[in-house]
Amino acid sequence: MGIIEIPIGPQHPALKEPASFKLYLEGERIAASNVTLGYNHRGVEKACEARTYIEDLYLIERVCGICSHSHSTCFISAVEEVAKLEVPKRAKYIRTIIGELERVHSHLLWLGVAAHEIGFDTLFMYSWRDREVVMDTLEMLSGNRVNYGINKIGGVRRDISEEQKEKALKAVDALEERTKYYIEIVNSETTLIGRLKDVGKLSYEDAMRLHAAGPTARASGVDRDVRRDDPYLVYDEIPFNVITDNHCDVLGRTIVRVKELIESYKIIRFALNNIPQGDIAVRSPRRIPAGEAFSRYEAPRGEDVHYVRGNGTDKPERVKLRAPTLANFASITYMLNGGYLADAPIVIAAIDPCFSCTDRSISIKHIDSGKENIMDWESLRQYSIDWHKNRGFNAKNIQLKVK
Amino acid sequence: MMNIVRPGSMLSQVFSSVFHKPATRLYPYVKAEVADRFRGKLKHDRTKCNGCMLCMKDCPSNAINIVKVADKEFKAVLSLDKCIFCAQCVDSCSRDALEYTRDFELAHFDRKNLQVEI
Amino acid sequence: MLLSLFYIVIFPGFIFLSVYGCMVEYMDRKLYARFQNRIGPPWFQPFADFIKLIGKEAIIPEKADKAMFRILPAFALASASATILYIPLWSTGALFSFKSDLIVVLYLLTIPTITFFIAGWSSTSLYSTLGSIRTLTQLFAYEVPLYMALLGPALLAGTWSISEIATFYYENPLLALCNIPGFIVAIIALQGKLERVPFDTPEAETEIVAGSFTEYSGRYLALFRMTIDIEMLVLVSLIGAIFFPVYFPGNTVLGLITYFLKTIILVFILALVRSLMARLRIEQMVKFCWKYLAPAAIFQILIDVLVKGAL
């Protein structure tokens, strides 16, 4: 039949957000693919420079609907580091609890979406019904079902009362029982395993080479989790396990996410039972002193990285976000080639794409000549190494701990 | 537990769902329950407001507008189409003149009705 | 003359088929929703869908074959509806029966599937082409087990006429128990014929938008959907007539009630199978049918031949 070109997107029933995947098919096999992003670019980074830090908090929160607390906490941590504010312990615990509840919400949503992509609507309806429990808990704790608005510079805006704590613990217990049922289903339903096994294979070496992050990498055996490697908030006080799996395919990613739900319940219970007394915020100045900071956060999709530079006024000078989906993006082309057309939607859904988070454009401008150039990965890396060498910083003396 | 790989492993739950009440909430016919401190429409107290306009300065979407009606008396006009219900103005107010209610059914057919005086 | 007109138009002709077909679709959708803990549509939903689609504008793509685009839905509807005349509904005798009408009914039921293939191919859209190829591939997979599963009871009864098969099993009800493997094979192959989950690939919404029907809209789509409903009704009646020999000949009212109960039970089983499983890929489906269904059907034929020899 020759090679036909099938477009998946920008508008397609399989995609939740616009992105363009052009697949070149031979029969049912995908011979090549061409992936373009950029349909969701909203100019968030530029908009941040025109607003004060207080307004920026709400803007950054609305970069994504599902990982809104991750972006907000990451940004606020960077700003607090620049301003050298010491956030009270109780506020950190509350941020952790909301963050883990958001992780539960995101993974349950992913389970439903993945089930819908393979035609298993019953699991989709059941997991979204359970997601309502999490959203009601979040509404009780923070005032809104999405875009919680619980952070402020220097702490959190709301406290958790005893009655709310009891209700939250009960909700977590109910959810744990349902999650154990989903683990059982994922391990024992023939059609589900048949659709997810050996699909979208990404070996350990390929995951390292293509810089995968989050559950996508952990399902290939890469043992990386920012909560354990570089603890932020109160993760150095809470015992939890990092889930890895050796399947290296979409079934592995499903198992990793469902088991991470159980770990999140453990963290939420520990945090709710051991939350210390104290203030929930410190007073913060409106003008943040000059300085720059870089913060990392383990969003439900992987590692989220924010950079903030202040210059002494009440508006930031530069804000940069790198969402985890951008790190996982390079693996999509690699996983799609050689697979079947029927697997394309589930492979795309398996990295849990959030294209709204991802769309930023990088363009480097020389300050003196005003010339702009777009660099590719290798030349960007070389540019950074040379920049550091000129300041007497030798990368060879650093040892990275990568497991 | 039952980890034998077999098709139709959801059978018992699926079959018993027929006899349970459906999980759908029939929203317009059944009133939706919102939590106690849900952030809904704002309410402004004229007796406490002193016209400092800190709420206007901090609003992320320029939704609230403080208008002087008489000497030392101010009213607040809220654009419901711009408000993102973040309640930052409630936190910023130096006199506690603003508070949020649980009202969220705020849709209108006419755009002019969305500039409300609170 | 008037009686023939009554049979063709009212019962069991068009009006009965369309009304009861819509009711069968309603039952299927409502049960599917209840299995998923939802409420489901009200009873008039399929009628409302049909009426709405008829009122919409039908857009035909420029490169598509206009004549084929318009004729194919009517073709499919006609051949699916003609089969009801040969299936026993309320008594052991169908309205019109002759020798070997089982073969004719099965061939008449293959025509809608081939129509879907031609409709998708002549739409010249990428998604329709892929969907039509999958329809034909799926036809090669489930057709043989389905025919063989229906062949077994016919062998035991010693005749190819559906009415005579029904009469035979009505007189020897215990022999119907030998047909249980064939019943299971027929129910699974039925999901393939009606293009429902788990054999849903020709119409997979998340991969190829709507398969063969992507470019159809308006009254042509309404007729195609009516064809699918009538196909489901006819196949369910056929399975009920051959595998569930419970009749009350001479008593029309009781016979009709039994018929309705049979179809309701079979629709319940079909909706349950639909809600339990995920969609299989096309090569997994073909492998499954040839590895498991076809041997099961051959096993059924073996049982029937042995029992007939023993009789």
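**Note on helix packing and chain contacts**

1. H3(C) passes H10(C) in a left-handed crossing. A crossing counts as left-handed if the near helix is turned anticlockwise from the far one by less than a right angle, and as right-handed if clockwise. Helices are DSSP runs (H or I, at least four residues), as are strands (E, at least two), and both are numbered from the N terminus.

2. This is a predicted model, where local features need pLDDT of at least 70, side-chain atom pairs count only at pLDDT 80 or more, and totals for chains, interfaces and linings use all residues; side-chain values use heavy atoms, with hydrogens and water left out. Residues are numbered from 1 along each chain as its sequence is written, while chains are lettered from A and ligands numbered from 1 in the order in which they are written.

3. Back to the first pair. H3 of chain C covers residues 45-55 and H10 of chain C covers residues 218-243; their axes come within 6 Å and cross at roughly 150 degrees. H3(C) is therefore roughly antiparallel to H10(C). Axes are lines fitted to C-alpha atoms, for helices over the stretch in contact, and angles run from 0 to 180 degrees between N-to-C directions. Angles under 35 degrees count as roughly parallel, over 145 as roughly antiparallel, 65 to 115 as roughly perpendicular and the rest as oblique.

4. Which residues of H3(C) meet H10(C)? They are C:Asp49, C:Phe50, C:Leu53 and C:Ile54. Their partners in H10(C) include C:Gly218, C:Arg219, C:Leu221 and C:Met226. By class, this contact of H3(C) with H10(C) has 6 nonpolar, 1 polar and 3 charged residues. Contact means heavy atoms within 4.5 Å. Ala, Val, Leu, Ile, Met, Phe, Trp, Tyr, Cys and Pro count as nonpolar; Asp, Glu, Lys and Arg count as charged; the others, Gly among them, count as polar.

5. A second pair in chain C is H2 (residues 14-35) with H11 (residues 252-276). The angle is about 40 degrees and the axes are 9 Å apart. H2(C) and H11(C) are therefore oblique to each other. H2(C) passes H11(C) in a right-handed crossing. From H2(C), the contact residues include C:Phe16, C:Tyr20, C:Met27 and C:Phe35; from H11(C), they include C:Phe260, C:Ile264, C:Phe268 and C:Arg274. The residues of this contact divide into 14 nonpolar, 2 polar and 2 charged.

6. In chain A, H6 (residues 162-188) packs with H11 (residues 250-273) at about 160 degrees, with axes 10 Å apart. H6(A) and H11(A) are therefore roughly antiparallel to each other. H6(A) passes H11(A) in a left-handed crossing. Among the residues that meet are A:Lys165, A:Leu169 and A:Asp173 in H6(A), and A:Ile262, A:Tyr265 and A:Arg269 in H11(A). The division is 14 nonpolar, 4 polar and 6 charged.

7. Now the contact of chain C with chain A. It takes 26 residues of chain C and 32 residues of chain A. Chain C and chain A bury about 2500 Å² between them, 58% of it on carbon and sulfur atoms. Which residues of chain C lose the most area to chain A? C:Thr206, C:Glu207 and C:Arg281 do, together 24% of what that side buries. Buried area is the accessible area (1.4 Å probe) that two parts lose on being put together, summed over both.

8. Chain C and chain A share 1 salt bridge. The side chains of A:Asp343 and C:Arg281 meet in a salt bridge at 2.8 Å, N to O. A salt bridge is a side-chain nitrogen of Lys or Arg within 4 Å of a carboxyl oxygen of Asp or Glu. Over all chains the count comes to 50.

9. Chain A and chain B make contact through 34 residues from chain A and 31 residues from chain B. About 2800 Å² is buried between chain A and chain B, and carbon and sulfur atoms give 43% of that area. The count here is 4 salt bridges. One joins A:Asp136 and B:Arg25 (3.1 Å, N to O). B:Arg25 also meets A:Glu132 (3.9 Å, N to O). B:Arg25 lies in the loop between helix H1 (11-16) and strand S1 (42-44) of chain B, and A:Glu132 in helix H5 (residues 121-142) of chain A, so the pair joins two chains.

10. Two backbone points to check. Most residues other than glycine have a negative phi, and most peptide bonds are trans. A:Lys84 has a positive phi of about 55 degrees although it is not a glycine. A:Lys84 lies in the loop between helix H3 (68-83) and helix H4 (89-117) of chain A. The peptide bond from C:Val197 to C:Pro198 is cis, with omega near 0 degrees. C:Pro198 lies in the loop between helix H8 (180-193) and helix H9 (205-208) of chain C.
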